[in-house]
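Colleague: Could you walk me through how strand pairing, helices and burial are read from a model like this one?

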Amino acid sequence: MIASEALLDRAADLRTEPGVIERLIAEPGTRVIVVRQARLRIADGTLLRVDAHTVGDAEWALLGREADGTALLLASVPPRTDSIDAAPDETWLGLRDVGGDLTPYDADVFVTAIALAAWLADARHCPSCGTRLTLTQAGWARWCDQCRREHFPRTDPAVIVAIESPDGERLLLGANVNWRGRMYSCFAGFVEAGESLESAVHREIEEEAGVRLSELHYIGSQPWPYPRSLMIGFRAVAADESAVADGDEIVDVRWLTRDEIGSALAGDGPVGLPGEASIARRLISDWYAHPRTSGGTMAGCAR
């Protein structure tokens with residue numbers, strides 16, 4: 001779920017073409033990704049594309065072009081659409097259900113479709129004056145006739161961190177209050193106003209686990225469209241091991257050995273871990289697979 005390059009051609013060159021959505025809906029070869037309540041249609045483990053004429057009532061946007069040049073549209077449909085729900089062999093699934101099983105390309109399409117559909121549903125009126133906004137740029141912008149301002153889909157950055165012990169042999173994970181002790185994961189939090197990513201990491205870890213960090217290294221990022229987050233992943237080294245859960249968001253913290261992490265990744269405990277679709281799982285598995293060299297530091301670390 002962490003892509004090293006752009007996969008979906010978002011066809012920005014088509015967004016300013018007048019009437020492009022209507023033109024593409026009318027073209028027989030156009031493919032459509034349908035989103036309903038943050039879920040997409042999956043058939044035989046593949047993200048399903050449908051013909052535009054089968055969709056019915058929907059809010060439309062241009063997702064981009066497929067690898068063969070075919071246009072790909074988004075159709076965000078109401079909770080119940082008879083023509084869409086009629087097919088018995090297809091299942092509506094969310095990112096947590098199927099994200100880890102999709103190809104990198106389909107995963108990219110999946111998260112883009114969910115994120116854009118959420119914005120189309122939530123940003124219908126101007127946040128400044130309340131005027132009904134006009135959809136522009138093929139679904140990627142909205143215009144306020146009253147304020148004369150253009151609005152775009154919003155992304156909220158959040159940091160997520162895998163913290164290892166000073167000797168590199170244990171990993172610190174926490175149990176969020178919402179998980180009721182069933183799962184342990186990396187520590188995460190939203191970046192606050194005026195804050196750098198690095199500052200957010202240090203603040204969040206000290207707030208949630210009482211831990212100071214001596215090294216910090218960027219690993220990668222993952223869009224998480226629930227509804228509009230971007231998870232920015234780091235790997236860090238604790239300055240000491242005096243971890244204490246804050247008792248508010250985090251109800252327990254545990255230093256887990258490499259053997260315990262390996263067992264948990266295999267599904268054998270001692271704790272439950274995040275699913276395959278999440279960057280948290282990637283950070284944990286990367287730590288397990290790639291230990292630090294003895295006495296070494298991480299290249300490119302930020303303090």
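Modeller: Let us begin with a pairing: strand 2 and strand 3 (residues 46-47) pair in the antiparallel sense over two bridges, and within it the bridge partner of I42 is L47 in strand 3. Two strands are said to pair if DSSP finds at least two bridges between them, while the elements themselves are DSSP runs, numbered from the N terminus, with helices being H or I of at least four residues and strands being E of at least two. This is a predicted model, in which local features need pLDDT of at least 70 and side-chain atom pairs count only at pLDDT 80 or more, whereas totals for chains, interfaces and linings use all residues. Residues are numbered from 1 along each chain as its sequence is written, and side-chain values use heavy atoms, with hydrogens and water left out.

Colleague: Which residue takes a positive phi in the hairpin of strand 2 and strand 3?

Modeller: That residue is D44, with a phi near 55°, in a hairpin that has two residues between the strands. Strand 1 (residues 31-36) is joined to strand 2 by two bridges and runs antiparallel to it; this pair also forms a hairpin with two residues between the strands, where Q37 in the turn has a positive phi of about 50°. Here R36 has R39 of strand 2 as its bridge partner.

Colleague: How many bridges pair strand 2 with strand 7, and is strand 2 mostly covered or uncovered?

Modeller: Strand 2 pairs with strand 7 (residues 91-93) over three bridges, in the antiparallel sense, and R41 has W92 of strand 7 as its bridge partner. Buried means under 20% relative accessible area, exposed over 50%, and partly exposed in between, using a 1.4 Å probe and protein chains only; strand 2 (residues 39-43) is mostly covered, with four of its five residues buried.

Colleague: Why does G94 count as buried, and what is G94 in contact with?

Modeller: G94, found in the loop between strand 7 and helix 3 (95-98), counts as buried because its relative accessibility is 7%. With contact meaning heavy atoms within 4.5 Å, and leaving aside neighbours within four places in sequence, G94 touches A38, R39, G99, F110 and Y226.

Colleague: How is the span of helix 5 read?

Modeller: The expected span of a helix is 1.5 Å times one less than its number of residues. Helix 5 (residues 197-209) has 13 residues and reaches 18 Å from its first C-alpha to its last, close to the 18 Å expected. Its buried residues include A200, V201 and I205, and helix 5 is followed by G210, whose phi is positive, near 65°.
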